[in-house]
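Look over the sequence and the model before reading on.

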Amino acid sequence: MTSDTPAGRRFRVFRRRRSAPSRARRRLGAAVRMIAALALAGGVYTAFAPGAFAQDNTQLSAAAQEGKALFDNSCISCHGRDARGVEGRGPSLIGVGSASVEFQVGTGRMPMVRQEAQAEQKAPHFKAEEVKQLGQYIQELGGGPQLPTGPLTVDPEADPGALSRGGELFRQNCTSCHSFGGAGGALSSGKFAPSLGDATPEEIYAAMLTGPQNMPVFGDNEITPDQKREIITYITVQLQQDKDPGGLFNLGRYGPVTEGLAIFLVGITILVFTTLWIAGKS
């Protein structure tokens, strides 16, 4: 059949009409395969990252249910329903873990009185048992870091090297902000590193796990749990109990600056009076 005859032209039109649905079906099939691939990828992500989302139908333990009641009465206005956060008021608490709650709430930093550069420590608003319940609710809601069970310090008598190792780790990782004596210090933008003089082992461990304020997070891959215990042992024994192992006067424990200034002033005063005494005798 020649292509220039009327019959040939009708054949080409008929062939195009038959091929059109085939192209539409191919496009539809490609779209269906793409949607299926996206759904599969989303399902795999959700399965391997369950802690990134709060589950509305999570079955809470008794302690977590008590914590939820406390949360709904005192925290929901800033952190939102199911701790998802409220823009401009408070961040989401999904994934922060019970360690963060026990540090922030247990030290009185939360709830905050007003928005400031940094939440300051004050008398806790909740009892210790209530802090545990709040932490359990947040833990079961979204997961995150938890304080380990068991002792958080090392017995220096059982392990005499723990103090020296803890001191070395403290000087390497903590003194730039908390100073060599643990007295704390000023940071930028109105923030500061607090003193460690009254910090409990639980507070120190939780701070290392969660990185509150400007503090970095020291995960177990960076500082192992045993090293964290050695740092806490150094702080609680060397800095808190042995207040001034080097002498009677700590001079603020700020290092060589105050010591050098004191030596200079005392030395100059003694030299001046000695000179006057010699001149009077002559």
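## Helix α9: length

The expected span of a helix is 1.5 Å times one less than its number of residues. This structure is a predicted model. Helix α9 runs over residues 225-241. Its 17 residues should therefore span 24 Å, and the end C-alpha atoms lie 23 Å apart, which agrees.

## Helix α9: burial

α9 is mostly covered, with 12 of its 17 residues buried. The run from K228 through R229, E230, I231, I232, T233, Y234, I235, T236 and V237 is buried, as are L239 and Q240. Among the elements covering these buried residues are α6 (162-173) and α8 (201-210).

## T236

T236 sits in helix α9. Is T236 buried or exposed? T236 has 10% relative accessibility, so T236 counts as buried; the cut-off is under 20%.

The T236 side chain reaches the backbone oxygen of I232 at 2.8 Å. Beyond neighbours within four places in sequence, T236 contacts T153, P201 and Q241.

## The α2/α5 crossing

How do helix α2 (residues 62-74) and helix α5 (residues 128-142) cross? Their axes come within 7 Å, at an angle of roughly 100°. Angles of 65 to 115 degrees count as roughly perpendicular, so α2 and α5 are roughly perpendicular to each other.

On the α2 side, A63, A64, E66, G67, K68, L70 and F71 take part. They meet E130, Q133, L134, Q136, Y137, I138 and E140 of α5. By class, this contact of α2 with α5 has 7 nonpolar, 3 polar and 4 charged residues.

Definitions and conventions: Residues are numbered from 1 along each chain as its sequence is written. This is a predicted model: local features need pLDDT of at least 70, side-chain atom pairs count only at pLDDT 80 or more; totals for chains, interfaces and linings use all residues. Side-chain values use heavy atoms; hydrogens and water are left out. Helices (H or I, at least four residues) and strands (E, at least two) are DSSP runs, numbered from the N terminus. Buried means under 20% relative accessible area, exposed over 50%, partly exposed in between (1.4 Å probe, protein chains only). Contact means heavy atoms within 4.5 Å. A polar contact is a pair of N or O atoms within 3.5 Å; within protein, one must be able to donate a hydrogen and the other to accept it, and residues adjacent in sequence count only if both atoms are side-chain atoms. Axes are lines fitted to C-alpha atoms, for helices over the stretch in contact, and angles run from 0 to 180 degrees between N-to-C directions. Angles under 35 degrees count as roughly parallel, over 145 as roughly antiparallel, 65 to 115 as roughly perpendicular and the rest as oblique. Ala, Val, Leu, Ile, Met, Phe, Trp, Tyr, Cys and Pro count as nonpolar, Asp, Glu, Lys and Arg as charged, and the others, Gly among them, as polar.
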